[in-house]
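This briefing looks at one residue and its surroundings, and then at the contact between two chains.

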Amino acid sequence: MSISHRQFRAKRVYEVTPRGGQRELRLSDRIVELGDQEFDWYQKVRSWLPSIRGLADLSKDLAMDEAKVPKFLEALEKSGLLYRVESPDKPMTGLEFHGAFSGILSSWLSEAFEHPFWERMMSGRGSARLFTGWLIELYHYTKNANRHMPLSCAQSHEKPIKQLRAKHYAEEWNHYHYFMKSLKALGFTEPQIADSVPLPMTLALSNFMRQAARHDVLAYSVCSAVLEGTTTDRGTYSPYYQKSADLYGVPQDAVTPIFAHLDLDVKYQHSDLFRDILETVPVMPPERASLVLDYGHQLVEHIWLWTDNIEKYYQVDSNLVPRRPFDVVLD
Amino acid sequence: MSALPSVSTVAERPLLKRTVAVNRQPGRVVLQHLRDEIELEGAAAQLFSKMEAQLDGKTPVDAIAAGLKETPARLRTLLGQLEKAGVVSLLSANDDAKLTTGMEFYAIHRERCLYWLEDVYRHPLWEKIVTGKASRAQVLGFAFEKYHYIEAAFEHMGIAASNASPEMMPHLARHFIEEYTHGDIYRRGLRSLFPDDIILHSQPLPSTRALVNYLNECAARSSFAYYAGNELLQMTENTGDSDAGKSVDDFYGAMRKHYPYTDKLIDSFIAHTKADQALGHADAFVLMCESVPPLTRREVNDALNVAKNMAEHLVLFMDGIDTFYDRFATVPRLPCDLKSE
C-alpha cells in the first residue's frame, strides 16, 4: 500500500517533558513515551507532513529504509500522535459536541495559562505594577463585552439561542464596574480608567469575539465557554488574586470586588451556558463542528498572547499606566 | 454680533506637551520631542525653567508673567518659538472649533508615523534574523504571517471600499483592485516549500489576526481614519529612498545567507515591494488628503489614534512571530478539527 504525507496530520501535543532518557508527550487523552531517537524521528515526521517533500526525502531524514517508513508512520498513528485525514467524521448532535469539547477543555486551559507570567506572579518575581496592569486590561476586556455580546444576539438566527445569548448579555453587560471598583481601591480615579486605552491584544480579544459572532453563533459561544471555563469554580483564579495581594501589598479592597465578580459568574451558572445552547442544536455536520472547535482553540491562543502583551508592556517602568489616548494638541 | 471672542482676544494657556522630556544640564535645557531635540541656553533656558511648572495648560500667559514678575511680551516671544518647535501648545477656548486641512493633517501624520514606526524597526526579531539567531519556525513563520497579512487585503480593503465615504470611495476602490492579488505573490514563494492547499488552509497567529481585525473594524467605521492607519503600514513597504532601500536589501541579503531555503520566499517579498512601488501607493495618501474636507480636532485625533494603534499592532505582529513561534514551533499552523485535539 502506498502512503503519503497527505494522509496524516499530527495530533496536538500539549506538553513535552523529558523523563529519564525519554520524553513524555501529553495529548488531551493520553501520555505517549518516546525514546530520544524516536522523538527525533517524530519531530522530522511532523515537519515533513505539511511539506512538498516526498517519502524518499523523509526516508533520508530518518536514515530509515524507505520501505520501513510507512510502518513507522502507522506506529505513530497507533500511539495517537498522528491521525488519518481521510477517515470521515460523522455528523453529531450538539450534546455530543459538548462532550467532545468538555474532554479537551482542561488541556486547552492548561495551554492558555502556561504562560510564564503566572508562575512569575505566584513565585514573588512579579510586581504590584503587573497586577495593576492585568486588572486594567481585564477592565477593558470586560467593558468591551458590550462590543461583542449584543452582536452575537443580533447575528443569531435561532430563537432559543438568541434568548440564551441575550440573557447572558443582560447578566454581564455592566460587570466592568467590579474592576473599576478594584482600580479605585488602588488609587486611580474613574476618568483615568474610563478614558484610558487598552493594549492592542486586549482590543484583539474583543475584535476576535466580534469576528466569531459574525461567523457563527456557535463559534462565538465556544469562545465564551472557554473564557467562562476559567471561572467555573473559585479554585481556578482565587489563588492568583489572593497570593498576589499578599506578595505585592495589594489592598484587600482591590481584591474583594474581583471575588464578588467570580462568585456572581458561578451564581449565574455561566459555565453551563454552552451546554444549554448546544442542547438546542439537533445536528452539527463535521465541517461546522471543526469550525467551532477551531474558534475555541484560537481563543486559547489569544489568551496566551494577551498575557504576553500585558507582561511586556507593564513590566517596563517608564510605560504609562493607565495608557491614555493621543491628542494632537496635548501630545 | 457674535458672542464668541475673536482669536486675538482669547486668553492663551500654554501647555508643555505631555510627550516632551525635559533634560537639564548646566546652563542649558534640552527638550526632547518625537525625533527632535530643542536646546535652550542662557536667558532662554533660565526663563523656561522659571515658567515650566506653570506650563500646565490651565494658566493664562498674563497670569504666569505676573507671578514671575516678567513681562507677558517676553514670555510670549519664547512661548511662540517653543510652539513653532512643536513642544508647547497655546491652548484656547477655540481649540475644538479649529479646522485642520487635509494637507496639514498629512504633514502631522507623516511626522508622527515616522516616530511611531521606530518601535517596529527596533523590534529584536529583525536582529535575530539578520544574525542567523532566529529559528526555522520563526523565519518560516515570518513568511507565513506576512502572507496572511497581505492576503487579508480581501477583508479590510473590501470592507473599506464597501463602507467608503463619497470622497474616499475612488481611492479605496482603486486600492482594493490594485492589491487583492498581492497575497498570491507571497503564496508563490511559499509554494517552494509547502503544498498550495496547506498554504490556503493555514491559519494566522492571533497577533496577525489582531492586526487584520483592527483594520477591518476601522474600515467599517471611518474611511479616513482607516486609511490614515493603513498608510502607516504602507510606509513600511514604500522604501523609495535609497537609505531605506539599502537597509531592506541588506536584510534580505543576510536572510538568504543564514537561511538558504528562504531564497524563493525572499524573491516573493521583493516582488511584492516592487509591485507596490510600481503602483505609486506612496502618493495615494497625499491624494486622499487633498480631497478630504477640513477636519475637526476630534477627526484629527481619531485618525491619529488609529495610526498610533496600528503601529502598536505592528509591534504586536512582530512580537507574535518572535514569541509565539519560539514557544510553539509548529509551522505552518493548520486549523484544528475533531481529530486533531
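A residue counts as buried if 20 or more other C-beta atoms lie within 10 Å of its own, with C-beta atoms placed from the backbone. The model discussed here is predicted, and that criterion is applied below to B:Leu314, a residue of helix H17 in chain B.

**B:Leu314 and its surroundings**
- B:Leu314 lies in helix H17, which spans residues 297-327 of chain B.
- Because B:Leu314 has 23 C-beta neighbours inside 10 Å, this residue counts as buried.
- When residues up to four places away in sequence are left out, B:Leu314 touches B:Val120, B:Leu211 and B:Leu233.
- B:Leu232 is 82 residues apart from B:Leu314 along the chain, and the C-alpha atoms of the two are separated by 9.6 Å.

**The contact between chains A and B**
- Chain B contributes 41 residues to the contact and chain A contributes 37 residues.
- On the side of chain B that touches chain A, strand S5 (88-91), helix H12 (206-221) and H17 each supply at least two residues, and H17(B) gives the most, with 13 residues.
- Sorted by class, that side of chain B has 19 nonpolar, 11 polar and 11 charged residues.

**Packing of H11(A) against H12(B)**
- Helix H11 of chain A (residues 200-215) and H12(B) pack with their axes 9 Å apart and at an angle of about 70°, which means that H11(A) is roughly perpendicular to H12(B).
- The residues of H11(A) that meet H12(B) include A:Pro200, A:Met201 and A:Phe208, while those on the H12(B) side include B:Pro206, B:Arg209 and B:Tyr214.
- By class, the contact of H11(A) with H12(B) has 8 nonpolar, 3 polar and 2 charged residues.

Conventions: Residues are numbered from 1 along each chain as its sequence is written. Chains are lettered from A and ligands numbered from 1 in the order in which they are written. This is a predicted model: local features need pLDDT of at least 70, side-chain atom pairs count only at pLDDT 80 or more; totals for chains, interfaces and linings use all residues. Helices (H or I, at least four residues) and strands (E, at least two) are DSSP runs, numbered from the N terminus. A residue is buried if 20 or more other C-beta atoms lie within 10 Å of its own, exposed if 12 or fewer, and partly exposed in between; C-beta atoms are placed from the backbone. Two residues are in contact if their C-beta atoms, placed from the backbone, lie within 7 Å. Ala, Val, Leu, Ile, Met, Phe, Trp, Tyr, Cys and Pro count as nonpolar, Asp, Glu, Lys and Arg as charged, and the others, Gly among them, as polar. Axes are lines fitted to C-alpha atoms, for helices over the stretch in contact, and angles run from 0 to 180 degrees between N-to-C directions. Angles under 35 degrees count as roughly parallel, over 145 as roughly antiparallel, 65 to 115 as roughly perpendicular and the rest as oblique.
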